[in-house]
Amino acid sequence: MVKALNRSTAEYCEIRIEETEETVVRLRGNDTELVTQNVSVGGNVRALHQGGWGFVSFNRFDDLEKKVDEACAQAKILGDRLKKDIRLYPIDPVVDYVHGEFKKEAFAVPLAEKMKLLKEYNAIVLGCPEITSSSVYYLDRHTHLHFANSDGTYICQEKMDVAGTIGAVATKERLTTQESTTFGSNQDYNVIMGLEDEIKEAAKAARDMLYAPVVEGGQYTVILDPDMAGTFVHEAFGHLSEADDLDEDERMKELLKIGTRYGSDELDIYDSGIEGPNRGESKYDDEGVPMQKTYLIKGGVVVGHLHSRESAIKMNESVTGNARAINYRFPPIVRMRTTCIAPRNHTFEEMLQGISLGVYVKGSYGGQTNGEMFTFASSRAYMIRNGAIAEIVRDVNLTGNVFNTLRNIDLIGNDFDYKNSAGGCGKGAQSPLPVAQGSPHIRIQNVVIGGEKK
Amino acid sequence: MTRILESAHERGAEATLIISESKDTSVSFDANRLKRIEDTESYAQNLQVIKDGKLGVAASTRVGGEEELLENAMNVAEFGPSVGYVFPNPERYGQPKVFDQRVADVPIDQMIAIGEELVDFMKSLDSSINGGAQVQKSVSQVGVKNTKGIDVYSKKTGFVIVAGFQFVEGQNLLSSWDWQVMTSLEYDLKALKDRLGEDFEIGRKNVSIEPGSYEVLFTPSAFSDIVTPIMVCLDGRSVMRGISPFAGRLGEEILAPSFSLIEDGTLDGAVGSRPCDDQGVPCRRTSLIDRGVLCEYLLDLESAHRLGRRPIGTGTPAGARPNNLVVSEGDVSVSDLIGGMKRGIIIDQTMGAWAGNPYAGTVTGNIALGYLVEDGKKVGRVKDCMFSLNVFSHLKSNLLALSKETKNLGSLILPYCLVGGVSISGRD
């Protein structure tokens with residue numbers, strides 16, 4: 001790699017080489033639907049010249065030096081047109097071998113053992129009342145990632161990823177409902193153990209939803225559980241803080257300017273790559289920058305943004321270790337890691353008090369944002385009537401304006417929890433990238449819920 | 001026979017091997033300027049083996065990794081699904097016209113020029129607009145072979161142009177995107193510019209609407225959110241498990257008589273077309289829903305076997321995947337559809353409408369880009385609200401019209417769709 005890098009004629013050049021072994025299992029109902037074992041070996045070269053990026057990815061390694069030439073040639077075509085003096089945020093060169101110190105290696109567990117456990121879980125789902133089918137998904141990956149750049153950095157990281165979903169499907173008279181429990185970790189296969197109670201709870205919710213009315217559309221006070229609140233903060237503020245969407249847009253920069261108030265004094269939001277065993281965290285990002293914990297909002301006020309080396313220098317801020325690529329086929333872009341709302345001291349009971357009509361939203365199907373608006377779908381929800389949890393309702397989708405909704409968070413709970421799921425985050429063509437979220441329960445005023453008004 | 005297939009056969013397995021190789025080149029513009037050139041060369045082998053009635057699947061991008069690939073597939077077959085099918089014998093395969101040498105030969109300068117023309121146009125709308133574009137070409141080849149003697153080879157080109165902008169005024173963000181996808185070089189930059197220009201003109205004026213029930217014209221891109229649950233419910237595997245509300249209803253009128261849906265992997269010029277599917281079954285044209293009547297499911301070999309149907313060329317080892325889905329066009333022009341709306345909403349871009357329960361048919365999403373229409377004219381942008389409808393009941397009872405114009409979204413070819421009685425919720 002170093003020899004190939006020496007050929008670079010660009011201002012900056014990097015090489016990434018990646019080898020991943022992956023196991024995927026899918027069970028549906030009484031059937032094993034798919035068991036597959038995949039090997040992915042590939043690499044890329046990225047080069048910067050006068051503001052233009054060249055990028056070449058490949059599976060054939062026979063001529064790495066030629067790939068460096070190609071990426072540099074592309075960067076030159078661009079740079080000669082742009083003639084921009086864009087440097088990268090300076091990082092001290094580092095040579096490091098990050099041996100995966102995993103608690104329990106998922107890739108070392110025999111397939112027979114994984115299949116036995118997944119089938120036991122599947123049997124629990126299918127044994128629950130009124131459950132007609134199941135949806136079990138399991139994934140593990142073991143990656144060796146080599147990264148070298150023209151600054152003199154050489155890093156080899158060993159990574160692990162394990163994630164999955166155990167879902168229950170209930171069907172009655174052409175109505176099908178589903179609910180699931182998920183797991184995920186970057187260092188411990190044991191997250192898959194002991195899910196029996198969660199699975200039964202999910203199966204009960206799927207069944208209950210068969211008899212649940214569709215929620216009535218309108219504006220409500222809502223309480224989000226930690227899972228949903230995590231999705232909310234990821235969609236509603238995390239994406240806005242990704243500085244590669246801000247660094248050349250003066251108006252967006254103004255909107256997210258340090259010091260702008262978007263919430264109450266209680267609101268702290270951060271994104272971190274060093275929280276613990278969460279998917280998407282690692283020692284270095286895909287530009288070789290150490291991951292760290294970055295506050296985005298502190299005391300309700302914007303205090304930081306998420307950066308790559310390019311966006312950091314353009315905005316005159318420090319790097320944060322947020323440049324990530326889903327794999328060698330893509331260049332790194334600014335992405336989240338574990339995005340959190342910090343806990344405060346309110347109890348769930350306090351949040352319920354004073355709500356005459358509201359919705360308690362538990363569990364997330366996923367969400368999306370376009371910058372100013374966000375939306376997300378819940379997998380399970382209950383009406384709140386006169387300060388107490390009431391009947392289950394289905395098809396609950398929430399939406400709102402990002403800025404107004406952050407201001408409308410009026411209570412932040414004390415029961416912080418992380419959420420790792422089998423899904424991931426999408427940006428550009430890079431999806432699903434492993435990420436995690438963390439939050440306590442939060443209460444938000446005036447949230448719009450879609451649906452018919454009776 | 002290829003060596004790896006011979007080895008599989010010697011070990012008592014039947015096997016299908018898919019070798020794909022492609023080269024993509026793209027130029028990207030961000031924040032009104034050319035930013036990146038990317039070249040992606042990829043190579044992959046995918047192997048399916050059936051040993052003692054059980055299926056094992058493995059994939060590898062390691063060049064020369066055949067032995068490891070076979071070993072992995074044989075290992076997982078021990079734990080894989082029991083299948084009731086065998087790999088097919090060779091048949092006649094069509095060769096849809098999906099390769100255009102002009103695409104393969106497009107120089108990078110021409111791709112840059114296309115992007116520049118689009119970005120220059122967006123900049124001309126307002127100097128503080130944030131315009132982006134991407135122009136991408138791809139050349140790919142796929143070989144499908146099996147131990148029964150199938151040996152099918154195909155080549156394809158792809159050309160994609162994406163353009164859009166974000167425009168910020170105070171805390172008001174307007175973003176609009178459009179794209180064209182094709183296998184040839186028949187792009188239309190004027191159409192892209194006209195559309196983005198119109199969004200910039202009308203999209204900056206916000207209008208508020210009261211929650212309630214509205215007539216809604218879904219553009220092809222928004223209509224794809226409505227078609228998705230139908231696609232999910234047509235999947236043979238969800239039918240064979242009884243999850244799909246379409247199970248056991250072949251021959252029944254499930255949607256309005258104006259609605260027809262066709263799967264067609266043989267269409268010339270469509271990006272999803274190919275000679276055969278991932279299981280070696282020839283692609284063909286199949287009516288799934290004909291004038292509202294359910295005719296066929298999306299099938300792979302296993303679901304076809306269990307449902308007693310003939311496979312239609314939409315198979316993968318893990319289930320069905322359509323090649324090109326086409327909703328038949330109507331006979332009214334888009335301008336006449338809009339002109340005929342007294343008070344309604346056009347929904348063009350949605351957010352979060354994919355998240356939900358497709359088997360229940362409920363589609364709820366945020367209106368990311370939508371317009372209020374009064375007396376046949378777009379009067380302003382509606383935002384901060386959600387639309388909600390039930391696909392099965394609305395497309396059966398409230399489907400008012402389909403346009404004669406269609407748009408190719410990739411592997412979905414759709415018209416505009418006018419639906420009545422769509423719930424819009426927002427601030428009270």
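## Reading the model

Residues are counted from 1 along each chain as its sequence is written, and chains are lettered from A and ligands numbered from 1 in the order in which they are written. Because this is a prediction, local features need pLDDT of at least 70 and side-chain atom pairs count only at pLDDT 80 or more, while totals for chains, interfaces and linings use all residues.

The predictor assigns the complex an ipTM of 0.91 and a pTM of 0.93.

## Chain A

Chain A holds 9 helices and 24 strands; these are DSSP runs numbered from the N terminus, with helices (H or I) of at least four residues and strands (E) of at least two. The C-alpha atoms of chain A fill a box of roughly 70 × 55 × 35 Å along the principal axes.

Of its 454 residues, 59% are buried, meaning that 20 or more other C-beta atoms, placed from the backbone, lie within 10 Å of a residue's own.

## Two helices in chain B

Let's turn to a helix pair. In chain B, H1 (residues 3–10) and H2 (residues 66–77) meet: B:Arg3, B:Ile4, B:Ser7 and B:Ala8 in H1(B) touch B:Glu66, B:Leu69 and B:Leu70 in H2(B). Contact here is C-beta atoms, placed from the backbone, within 7 Å.

Notes. Buried ≥ 20, exposed ≤ 12 C-beta atoms within 10 Å, placed from the backbone. Axes fitted to C-alpha atoms, helices over the stretch in contact; angles between N-to-C directions.
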